[in-house]
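I opened the model to go through it feature by feature.

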Amino acid sequence: MGHLKLHIPGPIEVSDKTFEAFRTPMIGHRSQDFKDLYTAVMPNLQALLYTERLVYLGTSSAWGIMEGAIRNLVAKRVLSCMKGAFSDKWLDVAKRCGKQAEALQVDWGSPILPEQIDERLATGNFDAVTLVHNETSTGVMSPLAEIALLKAKYPDVMFIVDSVSSLSGVKIEFDKLGIDLLLAGTQKAFAMPPGLSVFTASQAALDRAATIGDRGYYFDLLEFQKNAEKRMTPSTPSIGHIYALKSKLEDILAEGLDARFARHAKLAQMTRDWAAGHGFTLFPEAGYESQTLTCVNNGAKPSEREIDVAKLQGLMKERGILIDSGYGRIKGKTFRLSSMGDETEETMQSLYGLLDESLGQL
Ligand SMILES: *Cc1c(COP(=O)(O)O)cnc(C)c1O
């Protein structure tokens, strides 16, 4: 008791059940017990990612894998699709890795559209593209399935996709999409503590990595593949996280993937309806709203409702809930409400009730 419940879009609230699993007594990471643990989670991860590829477990937050993807897959030049804080930063990360990188920048609030990528890839200048599926800073979800169709036209371009705040909340069919690398951290839609990432890669991605000499060690895709074949990880992983993941995946599959995706779609719609019912508009362009969080506009136009977001956040804290007050340069001009993870219609209704009380006090 006494902790602030997190309704920010990551990290989010972690259940007691998940923490219980996390604190399972430790085992050796080269033991049969570890292989059994990884063997137990592998098919469930494959079901969640709709893939027959091996799914890797990385002990780092998502940025580790995001940087690793650049180091492993970019030989010539990467096109960074930028539409918010996380996707914008990926360009900078690519440059810091010493790679040639170019921006495809759209306004915050807009999605990345396939024709924009097509136009840039048509130059022949790129051998990789990075895309954030669900841009958590703006609450915008780009049309991944339509974008992935471009892979057929540009088979030599590596399609690298961040699904940090969407994987397990939205259906993402890795094999069917035909993309090359998909990654997510576990502290967002999975509702686990921060510090573990899950990711998978196409055979083409492994082939590309094999041609790249300076891909490093800690995030070397070939090391992950070689070890995953034996149900191991290259170095000592956060074993507690993997126990937590096992428990969480069992819950996810018991709920049913389609039921889970439908729950998240419903909760996001309820939050959008709550916002509209209180005179707010949404930050994302219509039709591209995230299914796991809602980014609400605050006084975007003179005619629109404007509140003191910091004060609202303070009033919500007094009620035991932490909401977000906007990310980076849209701080205060927006606020974000997360409906990821274990949230239900009941918990969201209680959030709206407390928001109503707090708004009444502004
Ligand atoms: C949170 C987030 C990241 C960064 O994750 P870390 O866990 O902080 O490394 C990257 N991409 C998206 C879309 C995110 O929401």
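**Entry 1. A loop residue with positive phi.** The structure is a predicted model. I began with Ala-191, which sits in the loop between β9 (181-185) and β10 (197-201). I read its phi as near 60°, a positive value in a residue that is not glycine. I noted this because most residues other than glycine have a negative phi. Is Ala-191 buried or exposed? Ala-191 counts as buried, because its relative accessibility is 0% and the cut-off for buried is under 20%.

**Entry 2. Another positive phi.** I then went to Arg-231, in the loop between α10 (221-229) and α11 (239-255). Phi of Arg-231 is near 55°, again positive in a residue other than glycine. Arg-231 has a relative accessible area of 23%, so I put it down as partly exposed.

**Entry 3. A cis peptide bond.** Which peptide bond is cis, with omega near -10°? I found it running from Gly-10 to Pro-11. Pro-11 belongs to the loop between β1 (5-6) and α1 (16-22). I wrote it down since most peptide bonds are trans.

Entry 4. I listed the residues around the ligand: Ser-61, Ala-62, Trp-63, Met-66, Phe-86, Val-132, Asn-134, Thr-136, Asp-162, Val-164, Gln-187 and Lys-188. By class, I have six nonpolar, four polar and two charged residues in this shell. Which helix gives the most to the shell? Helix α3 (residues 62-73) does, with three residues. I also checked where the ligand sits, and it is in the largest pocket.

**Entry 5. Polar atoms at the ligand.** I took the distances from side chains to the ligand one at a time. A polar atom in the side chain of Thr-136 is 2.4 Å from a ligand oxygen. For Ser-61, I have 2.5 Å between an N or O atom of the side chain and an oxygen atom of the ligand. In the case of Asp-162, the ligand atom is a nitrogen, and it lies 2.6 Å from an N or O atom of the side chain. I then looked up how much of the ligand is covered. On its own the ligand exposes 380 Å², and the protein buries 90% of that.

**Entry 6. A side-chain pair.** I moved on to Asp-220, in the loop between α9 (203-210) and α10. Which side chain makes a polar contact with the side chain of Asp-220? The partner is the side chain of Arg-215, at 2.7 Å.

Entry 7. I looked at Leu-37, which is part of helix α2 (residues 32-49). Leu-37 and Lys-246 are 209 residues apart in sequence, and I get 7.8 Å from C-alpha to C-alpha. Leu-37 has 5% relative accessibility, so it counts as buried.

**Entry 8. A second pair.** I took Gly-279 next, in the loop between α12 (257-277) and β11 (293-297). Gly-279 and Leu-121 are 158 residues apart along the chain, and their C-alpha atoms are separated by 41 Å. I recorded Gly-279 as partly exposed because its relative accessibility is 41%.

Notes:
Residues are numbered from 1 along each chain as its sequence is written. This is a predicted model: local features need pLDDT of at least 70, side-chain atom pairs count only at pLDDT 80 or more; totals for chains, interfaces and linings use all residues. Side-chain values use heavy atoms; hydrogens and water are left out. A residue is near a molecule or strand if one of its heavy atoms lies within 4 Å of it. A polar contact is a pair of N or O atoms within 3.5 Å; within protein, one must be able to donate a hydrogen and the other to accept it, and residues adjacent in sequence count only if both atoms are side-chain atoms. Accessible areas come from the Shrake-Rupley method with a 1.4 Å probe; for residues, only the protein chains shown count as cover. On a 1 Å grid over the protein atoms alone, a cavity is a set of points where a 1.4 Å probe fits but cannot get out, and a pocket is an open set with protein on both sides within 12 Å along at least five of seven lines; lining residues have an atom within 4 Å of a point. A molecule sits in a cavity or pocket if more than half of its atoms lie within 2 Å of its grid points. Helices (H or I, at least four residues) and strands (E, at least two) are DSSP runs, numbered from the N terminus. Ala, Val, Leu, Ile, Met, Phe, Trp, Tyr, Cys and Pro count as nonpolar, Asp, Glu, Lys and Arg as charged, and the others, Gly among them, as polar. Buried means under 20% relative accessible area, exposed over 50%, partly exposed in between (1.4 Å probe, protein chains only).
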